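Please look through the sequence and the three-dimensional model shown here before reading on.

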Amino acid sequence: MRWRQTFMAEVFESLHQLGLGACPICGSAESLNISPFPVVLIDGDFSPEAEALTSGDARGDLTFAVRVECGTCGHLMLFTPRGSAAETKRSLRDGFATN
Ligand SMILES: [Zn+2]
């Protein structure tokens, strides 16, 4: 499961619009990397099995976040896609509750 290329390009553009074209810690403009893989944040009571994450049995919130890391100083930032769960699903490829 990974972010779609078009979505990553939108995130990159949004970061620049927000003034985050450079690392807020070390100021490096070239070393911010967006991970192609989502970070899954679990806030609730979930079974450790992967199926439980997408089966609808879980009680709580499941968040897919975008990971942006500075390759120079290691500063890590997480951003959550705006919009509904359905929009987040459209931003992902190969996974995440296909029903
Ligand atoms: Zn940095």
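## The chain as a whole

Of the 99 residues of the protein, 11% count as buried. The coordinates come from a predicted model, and this should be kept in mind throughout. The protein has three helices and six strands, and from the N terminus on these elements follow one another in the order β-α-β-β-α-β-β-α-β. When contacts between residues at least 6 apart in sequence are considered, 58% of them join residues at least 24 apart.

Strand β4, which covers residues 59-70, is joined to strand β5, residues 76-79, by four bridges, and the two run antiparallel. Within this pairing, Glu69 has Leu76 of β5 as its bridge partner. The two strands form a hairpin with five residues between them, and in the turn Gly74 has a positive phi of about 85°.

Strand β4 also pairs with β3, again in an antiparallel manner, through seven bridges. Here Ile42 stands opposite Leu62 in β4. Is strand β3 largely in the open or largely buried? Strand β3 consists of the seven residues 39-45, and because the number of these that are buried is zero, the strand lies largely in the open.

The two pairings can be set side by side as follows.

| Strand pair | Bridges | Direction |
|---|---|---|
| β3 and β4 | seven bridges | antiparallel |
| β4 and β5 | four bridges | antiparallel |

Another glycine, Gly21, is placed in the loop between α1 and β2, the latter being residues 32-34. Why does Gly21 count as exposed? Gly21 has 12 C-beta neighbours inside 10 Å, and therefore it counts as exposed, because a residue is placed in that class when the number of such neighbours is 12 or fewer. If its neighbours within four places in sequence are left aside, Gly21 is in contact with Leu15, His16 and Ala29. Gly21 and Leu32 are eleven residues apart in sequence, and their C-alpha atoms are 8.0 Å apart in space.

Terms used
Residues are numbered from 1 along each chain as its sequence is written. This is a predicted model: local features need pLDDT of at least 70, side-chain atom pairs count only at pLDDT 80 or more; totals for chains, interfaces and linings use all residues. Two strands pair if DSSP finds at least two bridges between them. A residue is buried if 20 or more other C-beta atoms lie within 10 Å of its own, exposed if 12 or fewer, and partly exposed in between; C-beta atoms are placed from the backbone. Two residues are in contact if their C-beta atoms, placed from the backbone, lie within 7 Å.
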